[in-house]
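Biologist: I would like to learn how to read a model like this one. Can we go through it feature by feature?

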Amino acid sequence: MGVGSGEAAQLMVSEESVFGTYVPVTRSYEFVNETIKRKVERLESKGLRAGRRVLLSNRWVSGKDSSGGDILMELNSVGMGLWLKHMFGGMATTGSTPAYTHTAKPGDLPTSLSVQVGRPSIDGTVNAFSYTGCRIPSWELSLKAGEIVQAKLAIAAQAESVAQTLGTFDDTAVGVPLTFVGGTLSLGGSQVDVLDFNLKGNNSLDASRFRIRAAATPKQQLENNWRDYTGQINADFESLTQYNHYTAGDELALSMTFAGALIPSGGGAKYQLVI
C-alpha cells in the first residue's frame with residue numbers, strides 16, 4: 001500500500017506543440033505546495049413559474065470551465081531553464097555539458113505546457129490530475145536571509161483531466177537548492193546587503209477568453225497589455241544613499257546573483273541564477 005498523504009505527491013510537466021493537446025509528462029520537479037484546481041460555474045435559470053419556490057434540478061446547467069492556481073517550489077540548480085523559458089519567453093542556451101548558460105529575456109511566450117499533479121488519496125493511490133493549455137500569467141522569485149530562494153508560479157490552464165496515465169517520476173534529476181548563502185545584490189554597481197528581496201513578473205495574459213462555441217473551456221491565453229516587472233528590497237538603513245536615489249527618481253542597474261555549488265567537471269563554474 002502506498003503513502004496515503006501528500007508525501008507521495010508529484011509534479012511533472014511537458015511542453016505542448018499544439019495548445020491544449022496533452023503531451024505525456026517527462027520532466028519531474030520537487031515542489032513545496034500547489035493550489036491548482038478546476039472551476040466549473042453554474043448557469044441558473046431566472047425564469048418565473050407559478051407555484052415554484054425553489055430552483056429545480058433541471059433549471060441549471062454547467063457553464064464556464066477553467067483551471068488554475070499556483071505552484072510554489074524552491075529554486076533548484078537543475079531543471080529551472082524550462083520554467084524560465086515560459087516565464088519570460090525568450091531563451092537562448094550556450095555552452096556545453098555540463099556547464100550550460102541559459103539566458104532568458106522578454107520574448108514570445110511558448111505555446112503552452114501540460115502540467116500533471118499526482119495527488120494521493122488515503123488509500124495510497126496517486127491520482128493523476130492533468131492540466132492542458134497551461135501558461136504562466138505571473139510569477140515571483142523571493143529570498144529572505146537564512147532561507148532558500150522561493151519561486152511562485154501562477155498557472156492558467158485550459159482544461160483538467162483525470163483520465164491520463166500517471167507519469168513516472170524521475171528521482172535522479174536532483175540538483176542543489178539555491179540559498180541566501182552566495183546571494184549578492186548590487187545597485188548602480190555597488191553591493192548592498194539586504195534582508196530580503198523579491199521580483200515579480202506579470203505577463204498580462206487574458207486567461208478568461210470564453211467564446212460562444214462548442215467548448216466551455218477558454219481559448220489560448222493571450223497578452224493584452226504591457227508586461228510588468230516589479231520588486232522590493234528590504235535592507236538596513238546604513239545611510240541616505242539609497243533614499244536619495246529614491247527621492248531623485250534615479251534609474252539604477254540592479255543585479256541579483258544566487259550562486260550555489262560548483263558544477264562537477266564544470267571548469268570552476270557554479271550553479272547560479274543572475275538577474
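Biologist: In what order do the strands of the open sheet of 4 strands run?

Modeller: Strands are DSSP runs of E, at least two residues long, and helices are runs of H or I, at least four, all numbered from the N terminus. Two strands pair if DSSP finds at least two bridges between them. Here the order is E14-E13-E19-E20, with antiparallel pairing. E14 (190-191) and E20 (270-274) stand at the edges with a single partner strand each, so one side of each has no neighbour in the sheet. This is a predicted model: local features need pLDDT of at least 70, side-chain atom pairs count only at pLDDT 80 or more, and totals for chains, interfaces and linings use all residues. Residues are numbered from 1 along each chain as its sequence is written, and side-chain values use heavy atoms, with hydrogens and water left out.

Biologist: How many bridges join E13 and E19?

Modeller: Strand E13 (residues 183-187) and strand E19 (residues 254-262) pair over 5 bridges. Leucine 187 has leucine 254 of E19 as its bridge partner.

Biologist: Is serine 186 buried or exposed?

Modeller: Buried means under 20% relative accessible area, exposed over 50%, and partly exposed in between (1.4 Å probe, protein chains only). Serine 186 lies in strand E13. Its relative accessible area is 19%, so serine 186 is buried.

Biologist: Which residues does serine 186 touch?

Modeller: Contact means heavy atoms within 4.5 Å. Not counting residues up to four places away in sequence, serine 186 touches Gln191, Val192, Ala253, Leu254 and Ser255.

Biologist: How many residues of helix H1 are buried?

Modeller: In H1 (residues 81-88), 7 of its 8 residues are buried. Among them are Trp83 and Phe88. Just after H1, glycine 89 takes a positive phi of about 105 degrees.

Biologist: How many aromatic pairs are there?

Modeller: A pair of aromatic rings is described by the distance of the centres and the angle of the planes. Rings of Phe, Tyr and Trp (its six-membered ring) pair if their centres lie within 6.5 Å; planes under 30 degrees apart count as stacked, over 60 as edge-to-face and the rest as tilted. The structure holds 6 such pairs. In one, tryptophan 139 and tyrosine 229 have ring centres 6.2 Å apart and planes at 50 degrees, so the pair is tilted. Tryptophan 139 is in strand E10 (residues 138-144) and tyrosine 229 in strand E18 (residues 228-235), so the pair ties together parts 90 residues apart in sequence. Phe88, Trp139 and Tyr229 form one aromatic cluster.
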